[in-house]
Amino acid sequence: MGKRDNRVAYMNPIAMARWRGPTQSAGPTIQDYLNRPRPTWEEVKKQLENKKKGSKALAEFEEKMNESWKKELEKSREKLLSGSESSSKKREKKKKKKKKSCRLLSSSSSADSSSSSSDSENEEKKQGKKRKKKKNRSHKSSECSTSEPGSESKESVKKKKKSKVEIGKEKCIRSLSKKRKKTYPEDKPSSPESSLESDHEEEVQAKKKRKREEQEKAMEKVKKKKKKQHKKRSKKKKKKSG
């Protein structure tokens, strides 16, 4: 058995096209395009004239539109100019009003300051008059006191001296009572004030003692509980070991 022949014959494309013949094209050919109907020179002139006429009509229409647009633009400009003028006038009016208000405020502030200065001057004058009156009254009272008999002044001086002596005695008694307490705490107090102080100190000391005793009792109870627990634990350990 020999090998299979898988070769294919070569076909020349040009020869195949010649064998098939001319193809039928669906559409105009080049010859048809060259042989198309063409206009004469007269017809071309007529077409150019018609185009010129049409352009004139367009130009007239455009001119009319431009005129209308120009009119509208002029109207809008007039409105804008009038609005800007009115706004400028309003601004000027506002500025004038502000200037007037500032002037009125300055005048009112100056008037207030002048009135306040005049009020302060009047108050100072009144206070000065009152001070003078007080000085005159004090001077008169001192003169009257000097003109009175000297018995009253002597009595007042004696009372002051007595009060000073009594205050000094009380201070001495208090200092002595404190020293006695420090040196002889068992002695009884000499004055009612010292007795009150000693009673208060005794109460404080008694409260402190009670607190200490209560604390000691609580500590003893805690210690007893700990001992009992320790004994119980030791007994349990012995049982387990036995």
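Mentor: Start with Ile-30. Ile-30 is exposed, at a relative accessible area of 66%. Exposed means over 50%, buried under 20%, and partly exposed in between, with a 1.4 Å probe and protein chains only. Ile-30 lies in helix α2, residues 30–34. Helices are DSSP runs of H or I with at least four residues, strands are runs of E with at least two, and numbering goes from the N terminus.

This is a predicted model: local features need pLDDT of at least 70, side-chain atom pairs count only at pLDDT 80 or more, and totals for chains, interfaces and linings use all residues. Residues are numbered from 1 along each chain as its sequence is written, and side-chain values use heavy atoms, with hydrogens and water left out.

Patch residues have over 30% relative accessible area and no salt bridge; nonpolar side chains are joined within 5 Å, like charges within 9 Å. A salt bridge puts a side-chain nitrogen of Lys or Arg within 4 Å of a carboxyl oxygen of Asp or Glu.

Now a charged patch. Glu-60, Glu-62, Glu-63 and Glu-67 gather in negative charge on the surface. Glu-62 sits in helix α3, residues 41–147. Glu-62 is partly exposed, at 49%.

Last, the whole chain. The chain has 5 helices and 0 strands. Of its 242 residues, 1% are buried. Its accessible surface is about 25500 Å², with 54% belonging to carbon and sulfur atoms.

Conventions:
Areas by Shrake-Rupley, 256 points an atom, 1.4 Å probe, with all protein chains shown as cover. Lys, Arg positive; Asp, Glu negative; His and termini not counted. Charge placed at Lys NZ, Arg CZ, Asp CG, Glu CD.
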